[in-house]
Every structure is written in structure tokens, then in C-alpha cells.
Amino acid sequence: MAQSPARWAAKPPIPLFISVEGWRLCGSVPRGHHRQGDYAVRQKSFGLLIILVSYATTFMLGMYITMYDSTIQSIADGFLANAAVMGVMIGMQHFGMIAPPFFIGAFSNWAGKKRVLMVSYMLLAAGALLVGLTHSFPAFIAAMFIIGTGYSVMEATASSVLSDEFPYHSRKHLNFSQVAFSAGALLSPLITQWLKGFGVIFRHLYIGCAALFLLIALAHALTRPRNDKGAAPVRFNPL
């Protein structure tokens, strides 16, 4: 005979650290009991993870863009570049940002925004790692193009994730993501100058950025977006 809910609360048949779904599989909870509530808890956890990953992403984008501005002179000195070559170095990254916006929307609807963002994380990490390791100027130029492409893809897609996943709270989340971007842009020069006091050079900074992008990519891989390909929005409050 199945135990009553009151008896479950007083004396659970198995340890409390096992989930409700585990109770059901063990035969102690009637089939279907609490399934909807357990699913809602999981969905809320995934929603919070998506928000945190999105904020961390925009924070890193802000950090990178001002770190690049504050290190471009030391990069040019490292490659013995003159003013004309510095212009090429700066322009190549922006050149990589041109093409993706023309096709990224249709590609996201086909492949899904989660996969698109994962590709952009890999591009940014690969480009930053290449900058940190290479001593070849052509390889550095290629790395700048790769970073520009990944940056453009991520900037265009990260905001749409928040809009599609939380359509009834999109304005709030987009505002907070802009705050995260601004905070990263503000803190990056301060952190860069502080680290330079310990002998850190631009190569170390780029390798560190690559590691952080990979870490965020790992967290992104754990997300479960509900509207990955622009499906109809679901009314859900993650907070």
C-alpha cells in the first residue's frame, strides 16, 4: 500500500538527497506525482544558467574590446610595427566583423543558437590563444580576423538568446547584459594595468582570455535553451 504524503514528510522511505524522480523510480512516489513540479525546478535552473552564461559572455566581450585597445601599442612594439602596420592590425579585426551579420540570423534558425554560440566561443578562444603563442605577424593577422569573426557572431547572437528565451522579461535582461558589458569594459583597463605591474605581457593576457572563453563555453554546453531555433515563446519566469 502506498504511503501517504504526510508519512513521506515525516519519514521519507529513502534519503532526502535523492530527487523526487529517484523516489518515483524506487516505487515510493505514485507515478506522475510531482513530475510537473520537478520539471519546473529543472527548467528554472536551466533558465538561471542561461542568464548567468549570457551575462558572463557580455562581460567578457566588454573586457576583451578594451583590453585590445589598451594592449595594441605593446603588440605593435612586439612586432616592430609602424603606424601603417598598426592600422592593418586594428582593421583586420573589424574586417572579420563585417560578414557574419549578413548570414548569422538564418544560420541560427537552421543550426540553433546554442551551436552558433559554441562556434563563436571556439573562434574567440582559438584566436586569443593564437595571439598569445605566435611570433609570426601573418599568423597574428589571421588571429585578429578569427577573433573579429567570433566577436561579431557572439555579439549578434548572445542578445537574441535572452530575447527568445525570456520574451516577457527581455527588456530587463537586455538592460542587465549591457550593464555587464559596460562593467567589463570599465574593469578591463584597470585589471590590465594591475597585471602589468607583475610583469604580465599581452601574450599572457590573451592566453588568459582564451581560458576564460573556454570556461564560459563549458558552462554554455550545459544549458538547455527552449527556443533554440526561434520556436514560439513559452511564458516562464526564471527568477
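Glutamine 93 is buried, with a relative accessible area of 0%. This residue is found in helix α4 of a model that is predicted. The chain contains nine helices and zero strands, and 40% of its 239 residues count as buried.

**The chain as a whole**

- From the N terminus on, the elements follow the order α-α-α-α-α-α-α-α-α.
- Among contacts with a separation of 6 or more, 79% join residues 24 or more positions apart.
- The accessible surface of the chain amounts to about 12,900 Å², and carbon and sulfur atoms hold 70% of that surface.

**Helix α4 and glutamine 93**

- Helix α4 has 14 residues, and the distance from its first C-alpha to its last is 20 Å, close to the 20 Å expected at 1.5 Å a residue.
- The buried residues of α4 are Met86, Met89, Gln93 and Gly96.
- An α-helix has 3.6 residues a turn, so residues three or four places apart point the same way.
- Glutamine 93 counts as buried because its relative accessible area of 0% is under the 20% cut-off.
- With neighbours within four places in sequence left aside, glutamine 93 is in contact with Tyr64, Ile65, Tyr68, Met144, Ile147 and Gly148.

**How α4 packs against α7**

- Two packed helices are described by the angle between their axes and the distance between the axes.
- Helix α4 (residues 83-96) and helix α7 (residues 137-165) have axes that come within 5 Å and cross at roughly 35 degrees.
- The crossing in which α4 passes α7 is right-handed.
- On the α4 side, the contact is made by Val85, Val88, Met89, Met92, Gln93, Phe95 and Gly96.
- On the α7 side, the contact is made by Phe137, Phe140, Ile141, Met144, Phe145, Ile147, Gly148 and Thr149.
- By class, the residues of this contact comprise 11 nonpolar, four polar and no charged.

**How α7 packs against α8**

- Helices α7 and α8 pack at an angle of about 145 degrees, and their axes lie 8 Å apart.
- Helix α7 contributes Tyr151, Ser159, Leu162 and Ser163 to the contact, while α8 contributes Ser170, His173, Leu174, Ser177 and Phe181.
- The contact of α7 with α8 has four nonpolar residues, five polar residues and no charged residues.

- Helix α6 (residues 113-133) has 21 residues and spans 30 Å from its first C-alpha to its last, close to the 30 Å expected at 1.5 Å a residue.
- The buried residues of α6 include Val116, Leu117, Ser120, Tyr121, Leu124, Ala125 and Ala128.
- Leucine 214 lies in helix α9 (residues 202-221).
- The relative accessible area of leucine 214 is 41%, and the residue is therefore partly exposed.
- Residues up to four places away in sequence not being counted, leucine 214 touches Met122 and Ala125.
- The C-alpha atoms of leucine 214 and methionine 118 are separated by 9.5 Å, although the two residues stand 96 residues apart along the chain.

**Residues of helix α3**

- Methionine 63 lies in helix α3 (residues 35-78), and its relative accessible area of 15% makes methionine 63 buried.
- Not counting residues up to four places away in sequence, methionine 63 touches Gly184, Ala185, Ser188 and Ile191.
- The C-alpha atoms of leucine 52 and alanine 219, 167 residues apart along the chain, lie 9.2 Å from each other.

**Threonine 192 in helix α8**

- Threonine 192 lies in helix α8 (residues 170-196).
- At 3% relative accessibility, the side of the cut-off on which threonine 192 falls is clear: threonine 192 counts as buried.
- Apart from residues up to four places away in sequence, threonine 192 touches Met67, Ser70, Thr71 and Leu205.

Definitions and conventions: Residues are numbered from 1 along each chain as its sequence is written. This is a predicted model: local features need pLDDT of at least 70, side-chain atom pairs count only at pLDDT 80 or more; totals for chains, interfaces and linings use all residues. Side-chain values use heavy atoms; hydrogens and water are left out. Axes are lines fitted to C-alpha atoms, for helices over the stretch in contact, and angles run from 0 to 180 degrees between N-to-C directions. Helices (H or I, at least four residues) and strands (E, at least two) are DSSP runs, numbered from the N terminus. A crossing is left-handed if the near helix is turned anticlockwise from the far one by less than a right angle, and right-handed if clockwise. Contact means heavy atoms within 4.5 Å. Ala, Val, Leu, Ile, Met, Phe, Trp, Tyr, Cys and Pro count as nonpolar, Asp, Glu, Lys and Arg as charged, and the others, Gly among them, as polar. Buried means under 20% relative accessible area, exposed over 50%, partly exposed in between (1.4 Å probe, protein chains only). The expected span of a helix is 1.5 Å times one less than its number of residues. Accessible areas come from the Shrake-Rupley method with a 1.4 Å probe; for residues, only the protein chains shown count as cover.
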